[in-house]
Amino acid sequence: MIMKELTPDTGRAHVVGLTGPPGVGKSTTASSLVRVLRTRGERVGVLLGDRVRMQEHTLDGDVYIRSMATRGHLGGLAAAAPQALRAFDAAGFDTVIMETVGVGQSELEVAETADTVLVLLAPGMGDGIQAAKAGILEIGDIFVVNKSDRDGAQALVRELRTMIALADRDPHDWKPPIVSTVAYEHRGIDDLVLAVDRFRAFQIDAGRAQERRTARARREVESIAFARLRTEFQVNGAAGIDDLAEAVSRGELDPYAAADRVVLGR
């Protein structure tokens, strides 16, 4: 199996997740991040929904861009994203940038997949209120106010600063910084990369980097196990479920006992 062969060579790539509402410039920011990381000699992998916006790097042999549609999978990421990340890791990429399709209650899976989560917002889009509603204040390791050359950028920074200050956090824990950027002009991207470096160092020093990866591996194992259970049920368990459902509806069997028969085969 391919994953079995790749596993011994994994565990080194740093996964940076980008999330935020549509229109805030996630793909442009990702492209600018690639540019800075390449000047440092890093090999960079990119997982995103629209590779058309990454044409700047398509001829660079040390940048590999893969677009992956979610195909209805909730979480803002493709179901195969963890396996793709493992392949990037085994192939020797130093950093993998992973972009979600948007942000909302169902797109928070990026926090469970990335080592560092960048939450992108932009002025004039009501993003501060949206951030609070979507719960992304809890998942953001670094907040990025992109398109900061627009009116309202400083007000958004102040609003975010207030929200972060009011958040219920351990005083010894990481305090998410706010970085202002204009990604299409590559402004502020160096500062963003430095913020990512600082967060990564903090996680390693605090012993949390491995904890995060272990939690990610656990979720991956659970996801695969549940997928196999669903397949097994569809192949072998569903045949008699209509009879069980009829028995439950007639009051001859309770639903828990019926479920036991499906799962345990008795």
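The model is predicted, with local features needing pLDDT of at least 70, side-chain atom pairs counted only at pLDDT 80 or more, and totals for chains, interfaces and linings using all residues. Residues are numbered from 1 along each chain as its sequence is written, and side-chain values use heavy atoms, without hydrogens and water.

**View 1. The chain holds 9 helices and 7 strands.** Helices (H or I, at least four residues) and strands (E, at least two) are DSSP runs, numbered from the N terminus. Of the 266 residues, 42% are buried (under 20% relative accessible area, 1.4 Å probe, protein chains only).

View 2. On a 1 Å grid over the protein atoms alone, a cavity is a set of points where a 1.4 Å probe fits but cannot get out, and lining residues have an atom within 4 Å of a point. Its volume is the space filled by probe spheres set on the points, which are joined across faces, edges and corners. Helix α6 gives the most to this lining, with 4 residues. Among the lining residues you can find His-14, Leu-33, Val-193 and Arg-200.

**View 3. The second largest pocket has a volume of about 330 Å³.** A pocket is an open set of points with protein on both sides within 12 Å along at least five of seven lines. Look for Glu-138, Gly-140, Asp-141, Arg-169 and Asp-173, which lie nearest the centre among its 16 lining residues. Two or more lining residues come from each of α6 (189–205) and α7 (208–237).

How values were computed
Buried means under 20% relative accessible area, exposed over 50%, partly exposed in between (1.4 Å probe, protein chains only).
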